[in-house]
Each structure stands twice: as C-alpha cells, then as structure tokens.
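Here is a short tour to read alongside the coordinates. Have the viewer open and follow the headings one by one.

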Amino acid sequence: MSTKIEDFILLFGGDLSADVAEQINTKLSSIPTISSTHNIHKVLMSKSKDFKTALLEGPLAKPTTLAIFITQTIENEAPPEDAGACIRFFKRKTHPETLLTDKIQFAVLGLGDSNLLLDRQHTAAKDCNQVAQMLDVRLEALGGQRFCQRGESDERTGLTEVEPWIDVLVEKIKECL
C-alpha cells in the first residue's frame with residue numbers, strides 16, 4: 001500500500017531517458033497540487049554522490065518520497081554509460097536487505113530496443129528491458145516500496161507503452177497527494 005507522496009526524484013541516465021524524465025516532469029508539474037506544494041528533483045544516475053544522497057542519506061530519504069527510475073537497456077543487457085554508476089550500485093550483493101527500508105517508494109520505467117536483439121525471431125518489450133527488470137526486483141529486495149507496476153517499452157514499436165504508463169503513474173500519484 002502506497003503512502004502519501006510529498007517529494008519526487010526523477011532518476012535518469014542517457015538522452016532517451018532524459019527526454020522521458022522531462023515528459024514525466026511536465027505532467028507532474030501540470031497538477032496544481034504538485035506545482036504549488038511539492039518538489040520535483042532531477043538526478044542523473046551517473047552522479048553517484050547525488051543519487052546516493054537523494055535516496056539514502058539526505059532529507060529526501062523518507063517513505064513519502066517517490067523515486068522514479070527511467071532506465072534504458074542497450075546491447076548486452078547493459079545500461080547506458082550515464083546510468084551505469086547507479087545500476088552497479090544497486091546490483092552490489094554487499095548491501096543489507098534493509099538499505100531502502102523506510103526510505104523511498106519507487107517506480108521503474110524501462111526503455112529498450114528489440115532491434116538490438118537480432119538473434120531472436122520474435123521480440124517484445126519484455127525482451128529488451130533487462131536493466132529495468134533487474135533494478136525493479138533489486139530495489140524491492142533492498143527494502144524499497146514499489147509504488148506501481150514496472151513499465152516496459154520498446155523503441156521498435158515507437159515507445160508506445162511510455163505514455164500509458166506515465167498516465168497510470170500520474171493517476172496513482174494523484175490518489176496519494
């Protein structure tokens with residue numbers, strides 16, 4: 001069960017994820033309650049001090065903060081260079097299972113491209129979003145509270161899955177204001 005939302009962190013790394021983060025920011029900012037009383041923070045996944053402070057140590061590390069991760073998967077199931085530091089940080093096996101407990105709620109949107117999976121006959125968004133899938137599972141395993149179902153999209157289909165996922169996210173946020 002999600003709790004009240006007071007702050008937002010948009011985490012992204014790479015050009016495509018930055019564009020989608022801006023879409024989400026625009027939608028959130030257009031909600032009068034959010035634009036007048038809530039803060040939306042944009043954090044690059046490549047800036048390890050920034051995302052660690054925002055998620056784990058700073059004043060935003062609280063259950064009323066929603067961290068929205070926009071992650072790309074590029075070839076070989078890897079994140080883009082600009083997101084690598086954040087993804088590698090959360091993949092570490094040395095973190096306690098309580099790393100994110102009572103710190104954040106999270107949502108994950110995956111951006112993939114099944115055109116990069118040339119060795120497969122039939123591909124879909126689920127086949128090209130391994131980074132988002134791994135991150136979503138790992139954030140929950142570290143004690144984070146999932147805010148909404150993970151979104152997965154495919155560039156081959158024009159990322160048509162992104163807008164509906166954002167709409168569901170925004171509606172759920174409205175319920176928690």
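Predicted model: local features only at pLDDT ≥ 70, side-chain atom pairs only at ≥ 80, totals over all residues.

Is asparagine 25 buried or exposed? Its relative accessibility is 12%, and buried means under 20%, so asparagine 25 counts as buried. Setting aside residues up to four places away in sequence, asparagine 25 touches Leu10, Ile40 and Lys42.

## The main nonpolar core

In soluble globular proteins, nonpolar side chains tend to be buried together. In this model, the largest nonpolar core has 27 residues. Which of them have the most contacts inside the core? They are Ile24, Leu28, Leu66, Ile68, Ile70, Trp165 and Leu169. Two or more residues each come from strand 1 (7-12), helix 1, strand 3 (65-72), strand 4 (105-112) and helix 6 (162-175). Helix 6 gives the most to this core, with 6 residues.

Leaving aside neighbours within four places in sequence, tryptophan 165 is in contact with Ile24 and Ile68, with Ala107, Val108 and Leu109, and with Cys148, Gln149, Arg150 and Gly151. Apart from this core lies another one, of 26 residues, and Leu60, Ala83, Ile87 and Phe106 are among them.

## Helix 4 against helix 5

Next, turn to a pair of helices. The axes of helix 4 (residues 81-91) and helix 5 (residues 130-141) come within 10 Å and cross at roughly 45°. That angle makes helix 4 oblique to helix 5. The crossing of helix 4 past helix 5 is left-handed.

Which residues meet where these helices touch? From helix 4 come Ile87, Phe90 and Lys91, and from helix 5 come Val131, Met134, Leu135, Arg138 and Leu139. By type, the residues of this contact divide into 6 nonpolar, no polar and 2 charged.

## Glutamine 130 in helix 5

The last stop is glutamine 130, found in helix 5. With a relative accessible area of 15%, glutamine 130 falls under the 20% cut-off and is therefore buried. Which residues does glutamine 130 contact, leaving aside neighbours within four places in sequence? The partners are Thr73 and Glu77.

Key: Residues numbered from 1 in each chain as written. Heavy atoms only, no water. Buried < 20%, exposed > 50% of the residue type's maximum accessible area, 1.4 Å probe, protein only. Contact = heavy atoms within 4.5 Å. Axes fitted to C-alpha atoms, helices over the stretch in contact; angles between N-to-C directions. Helix = DSSP H or I, 4+ residues; strand = E, 2+ residues; numbered from the N terminus. Parallel < 35°, antiparallel > 145°, perpendicular 65-115°, else oblique. Left-handed = near helix turned anticlockwise from the far one by under 90°. Nonpolar A, V, L, I, M, F, W, Y, C, P; charged D, E, K, R; others polar. Core = buried A, V, L, I, M, F, W, Y, C linked by side-chain atoms within 4.5 Å.
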